[in-house]
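This report describes one protein structure for a reader who has not seen it before. Please look over the sequence and the model first.

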Amino acid sequence: MLQPRPLLFDLISAKTAWLGQRQALLGQNVANADTPGFRPRDLKPATFATLLDHAGHGATALLPARTTPNHLSIAPPASGPFRGGVVESAEVTPSGNGVELPEQLEKMAATEQDHQLATGLYRRYVGMIRTALGVPQG
């Protein structure tokens with residue numbers, strides 16, 4: 001019988017999807033650095049609840065079970081997956097462009113580091129499962 005995929009795999013997949021979407025958006029910002037009137041865009045930060053929703057588990061996946069009527073009920077937070085928006089830039093050129101290349105490149109580097117962290121966690125978790133199953137590492 002197949003077991004359901006661990007929640008950690010789903011969360012890592014959702015995080016890498018967010019990181020990929022953010023990297024594409026930042027790349028568009030850099031590509032339009034000389035476009036008159038272009039305003040840079042970015043994604044809202046990926047919160048734990050947002051990643052749960054995107055992974056298909058929803059915020060109710062981690063709510064405690066209410067086993068007696070005396071337990072308090074907790075309503076899940078209302079949030080949607082990966083929303084973006086225009087970034088309010090501190091400096092706008094005379095042409096109306098608000099892209100600051102150093103800031104965009106810094107965000108791209110941070111996104112790449114987060115992606116490396118997520119893939120490293122995934123690799124280590126797979127290694128741990130393989131060790132528990134007695135499968136040789138390779």
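## Helix α3

In α3, the buried residues are Q104, K107, T111, A118 and G127; buried means under 20% relative accessible area, exposed over 50% and partly exposed in between, with a 1.4 Å probe and protein chains only. The buried residues of α3 pack against α1 (7-31) and β1 (41-43). Helices (H or I, at least four residues) and strands (E, at least two) are DSSP runs, numbered from the N terminus.

Helix α3 covers residues 101-133, 33 residues that should span 48 Å at 1.5 Å a residue, and this agrees with the 48 Å between its end C-alpha atoms. The expected span is 1.5 Å times one less than the number of residues. Just after α3, G134 has a positive phi of about 80°.

## Basis of the model

The model is predicted: local features need pLDDT of at least 70 and side-chain atom pairs count only at pLDDT 80 or more, while totals for chains, interfaces and linings use all residues. Residues are numbered from 1 along each chain as its sequence is written, and side-chain values use heavy atoms, leaving out hydrogens and water.

## Nonpolar core

The largest nonpolar core has nine residues: L11, A14, W18, L19, L25, L43, A46, L51 and L52. Such a core is a set of buried Ala, Val, Leu, Ile, Met, Phe, Trp, Tyr and Cys residues joined through side-chain atoms within 4.5 Å. Both α1 and α2 (48-54) supply at least two residues of this core, and α1 gives the most, with five.

Leaving aside residues up to four places away in sequence, L25 touches R41, D42 and L43; contact means heavy atoms within 4.5 Å.
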